[in-house]
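Hi everyone, thanks for coming. I'd like to walk you through one structure today, so please have a look at the screen.

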Amino acid sequence: MITPCLNGARYIGEAIESVLSQRYPNTEHIVVDGGSTDGTLEVLRRYSHLKVLHGPDHGLYDALNKALAAAQGEIVGILNSDDCYAEDAFSSINEAFQDESVMALAGEAVFCREAVNSDQTVAARFTPAGTDLLFLSTLGSPAINAWFFRSSIFAKLGRFDKSYKVAGDREFMLRFAISGLRYAETTKLICRYRMHADSMTFGGNEAIWQTILREHTKMTGIYLHRRDLSKRARELIRRVRTRDTLSMAVRAMRRHDMVTLILSSMAGTRHDPVWPIRLARQVFAALARKLRLR
């Protein structure tokens with residue numbers, strides 16, 4: 001198991017305990033701490049079994065790559081410092097990976113408000129059943145913490161792209177989906193995500209949303225230049241680009257940010273010729289809603 005961490009003292013003890021509670025033999029848990037100053041290291045010292053990698057890094061995905069380089073196990077799971085594995089989450093691993101052609105196992109996840117140990121806090125659920133990975137990694141949610149991977153998959157596909165700050169897991173899962181490598185599914189609950197104000201992806205911070213939208217636009221631009229994409233992959237990636245550039249443009253108009261509005265309009269129109277019409281529809285719809293509220 002690998003856990004990236006920076007100033008995670010508030011929750012990381014629960015994350016570690018959720019791994020220990022699996023009572024799974026020969027489990028290696030690597031924590032990569034990027035230079036915490038909030039007492040995280042004191043929490044980590046309570047657990048002598050951990051392999052802790054200290055030192056500054058270049059963000060979340062650089063930390064994950066460091067852990068992957070140090071990992072010795074055949075199966076890799078990724079657990080954020082503020083999330084937890086569900087009870088008995090590891091029980092499907094052995095059976096799923098008996099088939100050597102299976103490169104990953106996808107389970108279910110729940111997204112909880114603050115407390116992760118009570119079903120009363122569940123705000124949303126993720127299940128891979130009935131939806132293919134190509135959709136999940138584009139218009140859906142790949143929920144990477146609900147997956148286990150063969151370590152060899154990173155040799156086949158490469159590790160995480162550390163040029164991303166928040167979208168590197170989606171980019172990796174899109175890479176995996178396009179590769180066509182096999183994965184298995186289980187209906188077992190694997191991960192409990194914690195939604196809280198300080199979360200990188202769930203905090204609702206406008207700056208984080210802007211980063212996500214910019215990185216999605218970067219990612220879709222790179223992939224749409226590939227000539228080996230299937231027709232469906234190209235269409236889904238184009239839809240992501242249209243959705244996110246529209247969102248960027250609308251947010252820019254609200255902030256009176258003309259530079260971002262122009263850049264997002266150019267990025268959207270580049271792969272969707274009717275993008276300006278879509279934007280106009282969104283603007284008119286927003287104005288109509290405002291008029292109805294008056």
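How many bridges join strand 2 to strand 3, and which way do the two run? There are 4 bridges, and the strands run parallel. Before I go on, please keep in mind that this is a predicted model.

Let's stay with strand 2, residues 30–33, for a moment. On its other pairing, strand 1, residues 2–5, is joined to strand 2 by 4 bridges, and these two run parallel as well. If you want to find the pairings on screen, take threonine 3, whose bridge partner in strand 2 is valine 31. Towards strand 3, residues 51–54, aspartate 33 has histidine 54 as its bridge partner.

Now, the side chains. In a regular strand they alternate between the two faces of the sheet. Are the residues on the two faces of strand 2 buried or exposed? They are all buried: Ile30 and Val32 on one side, Val31 and Asp33 on the other. So both faces of this strand are covered.

Between strands 1 and 2 comes helix 1, residues 12–20, and the three together make a right-handed β-α-β unit. In the loop between helix 1 and strand 2 you'll find arginine 23. Arginine 23 has a positive phi of about 50°, although it is not a glycine. With a relative accessibility of 75%, arginine 23 counts as exposed. Aspartate 88 is another non-glycine residue with a positive phi, about 60° in this case. Aspartate 88 sits in the loop between strand 5 (84–85) and helix 4, and at 43% relative accessibility it counts as partly exposed.

Next, the aromatics, for those of you who like rings. The count comes to 16 aromatic pairs. Why is the pair of tryptophan 147 and phenylalanine 149 called stacked? Their ring centres are 6.0 Å apart and their planes are at 10°, and stacked needs an angle under 30 degrees, so the pair qualifies. Tryptophan 147 and phenylalanine 149 are both buried.

Phenylalanine 149 also pairs with phenylalanine 176, with ring centres 6.4 Å apart and planes at 70°, so this pair is edge-to-face. Phenylalanine 149 belongs to strand 8 (residues 147–150) and phenylalanine 176 to helix 7 (residues 168–179), so the contact ties together parts that are 27 residues apart in sequence. As for burial, phenylalanine 149 has a relative accessible area of 0%, and phenylalanine 176 counts as buried at 0% too.

Let me turn to the second largest pocket. About 450 Å³ of space lies in it. Which residues lie nearest its centre? Out of 20 lining residues, they are Tyr24, Asn26, Gly73, Glu74 and Ile75. Strand 4 (75–77) and helix 4 (93–96) each supply at least two residues of this lining, and strand 4 gives the largest share, with 3 residues.

One last stop: serine 264, in helix 10 (residues 258–271). At 1% relative accessibility, serine 264 counts as buried. Serine 264 and arginine 214 are 50 residues apart in sequence, yet their C-alpha atoms are 8.9 Å apart in space.

That's my tour, and I'm happy to take questions.

Methods
Residues numbered from 1 in each chain as written. Predicted model: local features only at pLDDT ≥ 70, side-chain atom pairs only at ≥ 80, totals over all residues. Heavy atoms only, no water. Buried < 20%, exposed > 50% of the residue type's maximum accessible area, 1.4 Å probe, protein only. Pairing = 2+ DSSP bridges. Right-handed = clockwise from strand over helix to strand, strands pointing away. Phe/Tyr/Trp six-rings, centres within 6.5 Å; stacked < 30°, edge-to-face > 60°. 1 Å grid on protein atoms, 1.4 Å probe; cavity = no way out; pocket = protein on both sides within 12 Å on 5 of 7 lines; lining within 4 Å. Points joined across faces, edges and corners; volume = space filled by probe spheres on them.
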